[in-house]
Amino acid sequence: MAANVETMFSVREKPWHGLGTIVAQAVSSKEALQLAGLDWKVEQTEVYTAGGTRAEGYKANVRSSDGAVLGIVSDRYRIVQNEEAFAFTDALLGEGVRYETAGALQGGKKTWILAHLPHEYIITGERISPYLVFANSHDGSAAMKVAVTPVRVVCQNTLNLALQKAKRSWSAVHSGSITAKLDEAHKTLFMAEKYMDALGKEIEELQRVKMTDARVLDFIEELLPCGLEVSTVQKRNVEKLREDMKARYFDAPDLQEVERNAYRFINAVSDFATHAKPLRQTDRYKENLFLRTLDGNPMIDKAYQMICAA
């Protein structure tokens with residue numbers, strides 16, 4: 001497990017981002033809070049300088065369980081407790097919702113929950129499962145965010161394309177009326193349905209875009225560029241990455257029944273971006289991979305934009 005992942009649970013098997021420990025079955029929100037180590041509150045205290053002067057306009061967000069300081073925030077910051085986040089998804093998805101993963105990153109500064117949306121989609125003969133990710137921060141560094149992440153079931157590739165016709169995420173800063181913002185966020189399910197419908201139509205379009213092998217190789221070189229002024233070692237490393245992506249397009253077992261088209265290419269890029277290990281793997285590698293389920297993966301988005309522009 002990555003060093004920055006403080007607590008975590010997952011269901012049956014590790015999810016596509018590779019974090020977590022296996023539990024026997026999905027759990028209720030109350031159990032999820034306990035299993036994920038999120039059954040604590042955030043409390044605010046005054047902030048003082050080393051000389052004892054109070055820092056006006058600022059508060060310290062402190063974890064109730066151990067007194068850890070999670071962040072220094074302004075007076076306008078409004079706390080969203082972990083239990084509120086879980087109550088949000090309970091209300092959003094209906095009674096009896098079961099969660100896939102939940103946990104805390106960076107010493108509790110960031111928390112998340114992930115639920116499997118109840119409706120699965122069959123798009124061009126393939127099962128696509130939509131997941132709902134709710135992420136929160138307690139250090140003032142990020143807004144609350146809800147995002148839909150579609151996953152191709154056969155290979156666990158994420159298909160979170162940045163579509164122009166439908167949004168897949170919603171966010172709100174920690175200020176003003178948090179209750180009103182959470183009420184507004186209940187429109188997320190409508191957003192998810194609209195996004196999945198748009199994704200289905202886009203996949204059909206991508207399947208109609210034929211790609212020659214030469215075009216695929218050109219795109220791979222564009223996605224994984226190698227500058228003129230690079231060392232022999234760097235050039236060799238880039239070539240290794242290119243060969244990896246080529247293999248995911250030409251040889252992946254799950255793509256053998258898919259014609260050589262733009263959809264196949266997007267899946268190969270997604271497979272590479274979602275599952276390939278970097279040449280240098282940092283402690284935050286898996287954490288960063290997970291966070292891209294919220295913000296989108298730049299490589300997948302670039303591949304999609306290249307196809308749209310061709």
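In this predicted model, glutamate 46 has a relative accessibility of 32% and therefore counts as partly exposed. This residue belongs to strand S3 and takes part in a link to lysine 59 in strand S4, 13 residues away, so that distant parts of the chain are joined. The link is a salt bridge, in which the closest N and O atoms of glutamate 46 and lysine 59 are 2.8 Å apart. The two residues also stand opposite each other in the pairing of the strands. A salt bridge also connects glutamate 46 with arginine 54, where the closest N and O atoms are 3.2 Å apart. Arginine 54 has a relative accessibility of 39%, and it is therefore classed as partly exposed as well.

Strand S4 covers residues 54-63, and six bridges hold the antiparallel pairing between S3 and S4. Besides the pair already described, valine 42 stands opposite arginine 63 in S4. The two strands form a hairpin, with five residues between them. Glycine 52 lies in the turn of this hairpin and has a positive phi of about 95°.

The surface also has a nonpolar patch. Tyr58, Val69 and Ile72 make up this patch, which has an area of about 300 Å². Isoleucine 72 is located in strand S5. Its relative accessibility is 47%, so isoleucine 72 counts as partly exposed. A residue is called buried under 20% relative accessible area and exposed over 50%, and partly exposed in between.

The search for salt bridges gave 15 in the structure. One of them is formed by the side chains of arginine 248 and aspartate 271, with an N to O distance of 3.2 Å. This pair links distant parts of the chain, since arginine 248 is in helix H6 (residues 232-250) and aspartate 271 is in helix H7 (residues 262-275), 23 residues apart. Arginine 248 has a relative accessibility of 16% and is therefore counted as buried. Aspartate 271 is likewise buried, with a relative accessible area of 13%. Further salt bridges share partners, and these join Glu239, Arg242, Glu243 and Lys246 into one network.

Disulfides were searched for in the whole structure, and zero were found. Among the cysteines, cysteine 155 has a relative accessible area of 17%, and it is therefore buried. Cysteine 308, by contrast, counts as partly exposed, because its relative accessibility is 48%.

Conventions:
Residues numbered from 1 in each chain as written. Predicted model: local features only at pLDDT ≥ 70, side-chain atom pairs only at ≥ 80, totals over all residues. Heavy atoms only, no water. Pairing = 2+ DSSP bridges. Helix = DSSP H or I, 4+ residues; strand = E, 2+ residues; numbered from the N terminus. Disulfide = S-S within 2.5 Å. Buried < 20%, exposed > 50% of the residue type's maximum accessible area, 1.4 Å probe, protein only. Salt bridge = Lys/Arg side-chain N within 4 Å of Asp/Glu carboxyl O. Patch = residues over 30% accessible without salt bridge, like charges linked within 9 Å, V, L, I, M, F, W, Y side chains within 5 Å. Areas by Shrake-Rupley, 256 points an atom, 1.4 Å probe, with all protein chains shown as cover.
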